[in-house]
Amino acid sequence: MKRFLPDVNLVLALLDPMHVHHEAAHQWYGDEVPKVLLLCPLVENGVIRVASQPRYPNCMGTSARVREIMQVFRNQVAHESVARDVSLLDDEILLKPEALAPSRVSDLYLLALAVANDGRFATFDQRIPAEAVRGGDAGLEVVGI
């Protein structure tokens, strides 16, 4: 089985039938390659934060309700919690600090976290500078949309 750490947007797409990439997310998750999802608090909490906001197009309810939805999701998918944490302060992990734009901190962190946990970072985002992270080129899975 291959291991993938999904970003917040990919998890939202899996959970929200109204998400613009809902079908693409399910097609990716259900393809012939069996998947184990690597889950981490940053992504889990991010889903709760985004999906419970009244401005989210298909608000899933209160934060407590979205927390319950995430608990059900965790129980329904093959998953593991990340075992090893990383820091972007580590020069052995972040090879190109100049790529660390404010809009890329979480993406590069999650990419490095996926690689450190023998997985791939799964995202719809095609603009992530994967070469900035050791093993990032091989560790990035851009889900087709």
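Q: Why are helices H1 and H2 called roughly perpendicular in this predicted model?
A: Helix H1 (residues 8-15) packs with helix H2 (residues 22-29) at an angle of about 95°, their axes being 8 Å apart. Angles of 65 to 115 degrees count as roughly perpendicular, so H1 is roughly perpendicular to H2.

Q: What makes the contact of H1 with H2, and how do its residues divide by class?
A: H1 contributes Leu10, Ala13 and Leu14, while H2 contributes His22, Ala25, His26, Trp28 and Tyr29. By class, six of these residues are nonpolar, two are polar and none is charged.

Q: Why are H3 and H4 described as oblique to each other?
A: The axes of helix H3 (residues 41-51) and helix H4 (residues 63-76) cross at roughly 135° and come within 9 Å. Roughly perpendicular ends at 115 degrees and roughly antiparallel applies only over 145, the rest being oblique; H3 and H4 are therefore oblique to each other. Their crossing is right-handed.

Q: Which residues of H3 and H4 meet?
A: Glu44, Val47, Ile48 and Ala51 in H3 meet Ser63, Val66, Arg67, Met70 and Arg74 in H4. This contact has five nonpolar residues, one polar and three charged. Among the H3 residues that are buried are Glu44, Val47, Ile48 and Ala51. The buried residues of H3 pack against strand S1 (2-6), H1, strand S2 (35-39), H4 and helix H5 (105-116).

Q: What makes Glu92 and Arg134 a salt bridge?
A: Their side chains meet with N to O at 3.5 Å, and the cut-off for a salt bridge is within 4 Å. The pair therefore qualifies.

Q: Why does the pair of Glu92 and Arg134 tie together parts that are apart in sequence?
A: Glu92 lies in the loop between strand S3 (79-81) and H5, and Arg134 in the loop between strand S4 (120-123) and helix H6 (136-139), so the parts joined are 42 residues apart in sequence.

Q: Why does Glu92 count as exposed but Arg134 as partly exposed?
A: Exposed means over 50% relative accessible area. Glu92, at 52%, counts as exposed, whereas Arg134, at 44%, counts as partly exposed.

Q: How is it known whether Asp107 and Arg104 are buried or exposed?
A: Buried means under 20% relative accessible area. Asp107 has 13% and is therefore buried; Arg104 has 11% and is buried as well. The closest N and O atoms of their salt bridge are 2.5 Å apart.

Q: Which residues are linked with Asp107 in a network of salt bridges?
A: Arg104, Asp125 and Arg127 are linked with Asp107 in this network.

Key: Residues are numbered from 1 along each chain as its sequence is written. This is a predicted model: local features need pLDDT of at least 70, side-chain atom pairs count only at pLDDT 80 or more; totals for chains, interfaces and linings use all residues. Side-chain values use heavy atoms; hydrogens and water are left out. Axes are lines fitted to C-alpha atoms, for helices over the stretch in contact, and angles run from 0 to 180 degrees between N-to-C directions. Helices (H or I, at least four residues) and strands (E, at least two) are DSSP runs, numbered from the N terminus. Angles under 35 degrees count as roughly parallel, over 145 as roughly antiparallel, 65 to 115 as roughly perpendicular and the rest as oblique. Contact means heavy atoms within 4.5 Å. Ala, Val, Leu, Ile, Met, Phe, Trp, Tyr, Cys and Pro count as nonpolar, Asp, Glu, Lys and Arg as charged, and the others, Gly among them, as polar. A crossing is left-handed if the near helix is turned anticlockwise from the far one by less than a right angle, and right-handed if clockwise. Buried means under 20% relative accessible area, exposed over 50%, partly exposed in between (1.4 Å probe, protein chains only).
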